[in-house]
Amino acid sequence: MNCAHCNAQLDATDPHTEATYDDNTQRYYCDVGCFRDWADAHFDEVVAYYEKMNVN
């Protein structure tokens, strides 16, 4: 599998991996930092999801 942000090859079966899984989108990221970089690049999408789930 590959990181959803930087496309790096990931091995989730490796017990030493720092891969982070997003349950909502079912995507893997290299680590939390790579996820945060993806979130920064997709700010409007993240805000829309947060509003949908949490703002009345």
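Tutor: The largest pocket has a volume of about 170 Å³. A pocket here is an open set of points on a 1 Å grid over the protein atoms alone, with protein on both sides within 12 Å along at least five of seven lines, and lining residues have an atom within 4 Å of a point. The volume is the space filled by probe spheres set on the points. The model is predicted: local features need pLDDT of at least 70, side-chain atom pairs count only at pLDDT 80 or more, and totals for linings use all residues. Residues are numbered from 1 along each chain, and side-chain values use heavy atoms, without hydrogens or water.

The lining consists of Asp22, Asn24, Thr25, Phe35, Trp38, Glu45, Val46, Tyr49 and Tyr50. H1 and H2 are the elements that give two or more residues. H2 gives the largest share, 4 residues. By class, the lining has 5 nonpolar, 2 polar and 2 charged residues. Ala, Val, Leu, Ile, Met, Phe, Trp, Tyr, Cys and Pro count as nonpolar, Asp, Glu, Lys and Arg as charged, the others as polar.

Now the two helices. H1 (residues 32–41) and H2 (residues 43–54) pack at about 90°, with axes 5 Å apart. H1 is therefore roughly perpendicular to H2 (65 to 115 degrees). Trp38, Ala39, Asp40 and Ala41 of H1 make the contact with Phe43, Glu45 and Val46 of H2 (heavy atoms within 4.5 Å). This contact has 5 nonpolar, no polar and 2 charged residues.

Terms used. Axes are lines fitted to C-alpha atoms, for helices over the stretch in contact, and angles run from 0 to 180 degrees between N-to-C directions. Angles under 35 degrees count as roughly parallel, over 145 as roughly antiparallel, 65 to 115 as roughly perpendicular and the rest as oblique. On a 1 Å grid over the protein atoms alone, a cavity is a set of points where a 1.4 Å probe fits but cannot get out, and a pocket is an open set with protein on both sides within 12 Å along at least five of seven lines; lining residues have an atom within 4 Å of a point.
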